[in-house]
Amino acid sequence: MLNDLWRHLRIYSIRKLYNLFMGKVQFSIGSTHLYYYPAKITIESGNICNLRCPLCPSGQKDSSARKGLLPFSNFKRIIDEIGKNLLMVRLYNWGEPLLNKELIKMVEYAGKNRIAIKISTNLSLPIDDAQAEAIIKANLQKIYISCDGTSSTTYSTYHIGGNFNKVISNMKLLLKKKKQLGNSYTELIWLFHVFSHNEHEIETAKAIAKGIGIKLSINKIRTDMGKEIFETADKSIERDSKWLPENPEYNTFNMEEKKPKKRFDCRLLWTETVINWDGNVLPCCSVYSETHSFGNIKEDTFKNIWNSKKYISARKEVLGRKNNTKTVCHICKANDYLYI
């Protein structure tokens with residue numbers, strides 16, 4: 001218990017707490033040139049995936065972004081520059097993290113730098129005993145497992161190319177390894193996204209999760225994730241309504257008014273950032289293509305990119321101030337911001 005508490009507390013420092021504090025302060029006073037670094041960021045482990053999920057650009061084989069996996073050397077470059085400022089890194093974005101053979105090496109390097117790591121996986125790849133042990137020994141803070149069904153039929157409706165029985169088997173294997181290795185720090189979380197075709201299985205999912213001893217998180221779905229910030233909510237609903245559940249409790253939208261139930265207040269430009277596998281820096285995880293990059297860490301320092309013309313212009317746009325450099329954030333704002 002004390003060891004786990006230390007694992008949670010060891011990531012904190014005065015500098016990191018300062019970053020968290022200043023993120024709130026500089027947003028509240030409307031600063032656009034920032035005097036701190038984000039404390040939580042996303043570093044994409046790769047945008048290649050073994051599944052063909054219909055609402056994901058990677059699943060759609062969208063060619064507007066170059067495909068690849070993050071090399072350890074690029075990950076190290078980022079951590080060496082700004083690691084002392086980071087509390088947490090999400091080591092995933094538009095692909096399957098377990099396809100990256102250097103993933104564990106990255107997690108271990110982050111651990112040496114007192115940074116917590118989270119990944120999100122479909123967990124549908126074959127995993128043997130040794131691989132499961134390596135994943136648990138890496139001491140990830142959280143492993144999110146996306147599994148949207150409680151039967152092969154409902155699961156494969158969205159997770160095209162996946163295997164429901166394999167996912168459940170892998171869940172059990174990781175839980176077994178956690179127990180064997182005495183790792184109570186790493187948290188496994190089953191993400192169950194509610195669609196029209198699986199909303200009748202919510203209670204079954206709760207029962208299965210309880211039976212195997214895994215935490216279950218019931219989530220609302222996003223419409224086409226590569227298009228959502230480039231269009232208004234009514235257009236998303238018109239195209240993707242077949243996926244949306246009937247139960248309003250699990251639906252992001254007011255289906256009668258064709259509008260989101262609540263508006264997203266964007267402050268991500270002050271608190272987080274996304275670095276894609278190829279080094280491109282983007283404002284948030286909803287931007288798929290490097291076309292909208294704010295800079296590249298292989299060509300410039302993150303310090304310069306964080307306060308670049310594009311970042312400052314995007315922050316001004318969110319604050320409603322005049323600015324001359326157009327960015328993807330201008331498009332997102334024009335479409336009433338991200339609505340989920």
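Author: Let us begin with handedness: a crossing is right-handed if the near helix is turned clockwise from the far one by less than a right angle, and left-handed if anticlockwise. In this predicted model, H5 passes H7 in a right-handed crossing.

Reader: What angle do H5 and H7 make as they pack, and how far apart are their axes?

Author: In general, a pair of packed helices is described by the angle between the axes and the distance between them. Here, helix H5 (residues 129-137) packs with H7 at an angle of about 60 degrees, and their axes are 9 Å apart. H5 is therefore oblique to H7.

Reader: Which residues of H5 and H7 make the contact?

Author: H5 contributes Asp129, Ala132, Glu133, Ile135 and Ile136, while Leu173, Leu174, Lys177 and Lys178 come from H7. By class, this contact of H5 with H7 holds 5 nonpolar and 4 charged residues, with no polar ones.

Reader: How many residues does the largest nonpolar core have?

Author: A nonpolar core joins buried residues through side-chain atoms within 4.5 Å. The largest one has 95 residues, and Ile43, Phe75, Leu91, Ile119 and Met171 have the most contacts inside it. Helix H7 (residues 164-180) gives the most to this core, with 7 residues. A second, separate core has 6 residues, including Ile11 and Tyr185.

Reader: Is Lys309 buried or exposed?

Author: A residue counts as exposed over 50% relative accessible area. Lys309 has 70%, so Lys309 is exposed. Lys309 is found in helix H12 (residues 309-319).

Notes: Residues are numbered from 1 along each chain as its sequence is written. This is a predicted model: local features need pLDDT of at least 70, side-chain atom pairs count only at pLDDT 80 or more; totals for chains, interfaces and linings use all residues. Side-chain values use heavy atoms; hydrogens and water are left out. Helices (H or I, at least four residues) and strands (E, at least two) are DSSP runs, numbered from the N terminus. Buried means under 20% relative accessible area, exposed over 50%, partly exposed in between (1.4 Å probe, protein chains only). Axes are lines fitted to C-alpha atoms, for helices over the stretch in contact, and angles run from 0 to 180 degrees between N-to-C directions. Angles under 35 degrees count as roughly parallel, over 145 as roughly antiparallel, 65 to 115 as roughly perpendicular and the rest as oblique. Contact means heavy atoms within 4.5 Å. Ala, Val, Leu, Ile, Met, Phe, Trp, Tyr, Cys and Pro count as nonpolar, Asp, Glu, Lys and Arg as charged, and the others, Gly among them, as polar.
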